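Visitor: I am new to this structure and would like to learn how to read it. Please take me through some of its features one at a time.

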Amino acid sequence: MKTFEQIKQLDKKYYMPVFNRFDVCFTHGQGCKLYDIEGKEYIDFGAGIAVNCLGHNDEELANAISEQAKKAIHLSNLYYSPVQTECAQELLKDTIFDKVFFCNSGAEANEGAIKLARKYYYNKGQIKPVIITAKNSFHGRTLATAAATGQPKYSQAYKPLPEKFIHTPFNDIKAFKDAINDDVGAVMLEVIQGEGGVIPADYEYIREVEALCKQNGILLIIDEVQTGMGRAGKMFGYEHYGITPDIVTLAKGLGAGVPIGAILTRGECAQAFTAGDHGSTFGGNPLACAAALVVIKRLKNGLIDYVKEIGEYFWEKLQSLKKYPAVKEIRGKGLLLGLELNSDIVSAKDIIDKMLANCYIIIGCGANSVRFCPPFIIQKNHIDGMIECLEAILKEVK
């Protein structure tokens, strides 16, 4: 095997420098632990940015992928596939949704949702191209989803962008009302802004947004790429708010590490796409659907209850850190929790670097926050150890 230094030199020579990589190279994992090239053990509170919901090297997931790979890794969507059909059935069962479309990523799911909303009105002979999203949101890195994202840093270098996206302040219902006009066809929101800093939507805000959408014939799209599939302590984050979105998008934890995204929709909207309107060569391939089936069944067989229980334990432990001046606010639900730091005292990067040096993986988000999104199998002793390490660092911050 190449040395870490050799790997870094090859990476520098051949890979586009679009990531600020940390100075560590992981080779394998087991459960909630990752191991670097020198064999050092780390506790993973990042889960590949909220992806590895079953942890690393999960036996059931690995077996499902392996068995499917022996049958067929790829089948064109021009043909029927038993595992894709079963995955669609299990994903939609006991939900409010009627149809699903499988793709490969969260950005692709959101891009497809935007197209679906516009096709819905096209079929009606209406032109309602405007989509309202929130400032500080994150919906992906394709051109359309970058335009939908309410953070200029993700789109300003790529103009001209697709038009007709309006960004209103998150949790500001007056600004939302003021943005509504006859050209607005859809609203796209996260119920917890993950990349934006783990900022939950206010209950009354989301409820009123839904009511205004119904009153004005506007489609409600909820981006559940990060909050979906149990991450927020319920199968979908919107369930915390008692609303009924027209479209929901999924990715990240859906395949537990195998790339897959999904658009879920219901009612008349579910009939908007017809043959040829949309597609994906790799989307919903047998390997990805076999992985997603494992995730869906594990969640329905009790894992989601554990996420809620362990998430509440984690939340309580984080509260003990509020006594330190460096801690500004703690936010989130389930196993998507964030800690905003006082930027006058310490930077999130400084905390993340020190935690990594102590073999705990946490990730940044927002202006100056750290994000905890561990595998769903995280244990109390892992949380206790991480909190103890974080507290020791916060004590030293002046």
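This is a predicted model: local features need pLDDT of at least 70, side-chain atom pairs count only at pLDDT 80 or more; totals for chains, interfaces and linings use all residues.

**Strands, helices and loops**

Guide: In β12, the bridge partner of C103 is G261.

Visitor: Which strand does β4 join, and by how many bridges?

Guide: Strand β4 (residues 99-103) is joined to β12 by 5 bridges, and the two run antiparallel. Strand β11 (residues 247-250) also runs antiparallel to β12, with 4 bridges between them. Within that pairing, V248 has L264 of β12 as its bridge partner.

Visitor: How many residues of β12 are buried?

Guide: Strand β12 (residues 261-265) has 5 of its 5 residues buried. Cover is found on both faces: G261, I263 and T265 are buried on one side, and A262 and L264 are buried on the other.

Visitor: What is the strand order in the open sheet of 4 strands?

Guide: The order is β13-β14-β17-β16, and the pairing is antiparallel. The edges are taken by β13 (327-333) and β16 (363-365), each of which has a single partner strand, so one side of each lacks a neighbour in the sheet. On average, neighbouring strands here are turned by 30° against each other, ignoring direction.

Visitor: How many bridges join β14 to β17, and which residue stands opposite L337?

Guide: Strand β14 (residues 336-341) and strand β17 (residues 369-372) are joined by 4 bridges and run antiparallel. Opposite L337 stands F372 in β17.

Visitor: Which strands does helix α10 lie across?

Guide: Helix α10 (residues 348-357) lies across β14, β16 and β17. Its angle to β17 is about 45°.

Visitor: Where does V346 lie, and is it buried or exposed?

Guide: V346 lies in the loop between β14 and α10. A residue counts as buried when its relative accessible area is under 20%. V346 has 5%, so it is buried. Leaving aside residues up to four places away in sequence, V346 touches A326, L341, I351, N368 and V397. As for distance, the C-alpha atoms of V346 and Q68 are separated by 48 Å, and the two residues are 278 apart along the chain.

Visitor: Which residues form the nonpolar patch on the surface?

Guide: The patch is formed by Y15, M16, V18 and F19, which together have about 480 Å² of accessible area. Take F19 as the case to read. F19 is in the loop between α1 (4-14) and β1 (26-30). With a relative accessible area of 52%, F19 is exposed.

Visitor: Let us turn to the backbone. What is the phi of I49, and where is I49 found?

Guide: I49 is not a glycine, yet its phi is positive, at about 60°. I49 is found in helix α2 (residues 47-50). Its relative accessibility is 40%, and I49 therefore counts as partly exposed.

Visitor: Where is C359, and what is its phi?

Guide: The place of C359 is the loop between α10 and β15 (360-361). Phi of C359 is near 70°, again a positive value in a residue other than glycine. C359 is buried, with a relative accessible area of 16%.

Visitor: Is the peptide bond from K159 to P160 cis or trans?

Guide: The bond from K159 to P160 is cis, with omega near 5°. P160 is in the loop between α6 (143-148) and β6 (165-168).

Key: Residues are numbered from 1 along each chain as its sequence is written. Side-chain values use heavy atoms; hydrogens and water are left out. Patches are made of residues with over 30% relative accessible area and no salt bridge: like charges are joined within 9 Å, nonpolar side chains (Val, Leu, Ile, Met, Phe, Trp, Tyr) within 5 Å. Accessible areas come from the Shrake-Rupley method with a 1.4 Å probe; for residues, only the protein chains shown count as cover. A salt bridge is a side-chain nitrogen of Lys or Arg within 4 Å of a carboxyl oxygen of Asp or Glu. Buried means under 20% relative accessible area, exposed over 50%, partly exposed in between (1.4 Å probe, protein chains only). Two strands pair if DSSP finds at least two bridges between them. Axes are lines fitted to C-alpha atoms, for helices over the stretch in contact, and angles run from 0 to 180 degrees between N-to-C directions. Contact means heavy atoms within 4.5 Å.
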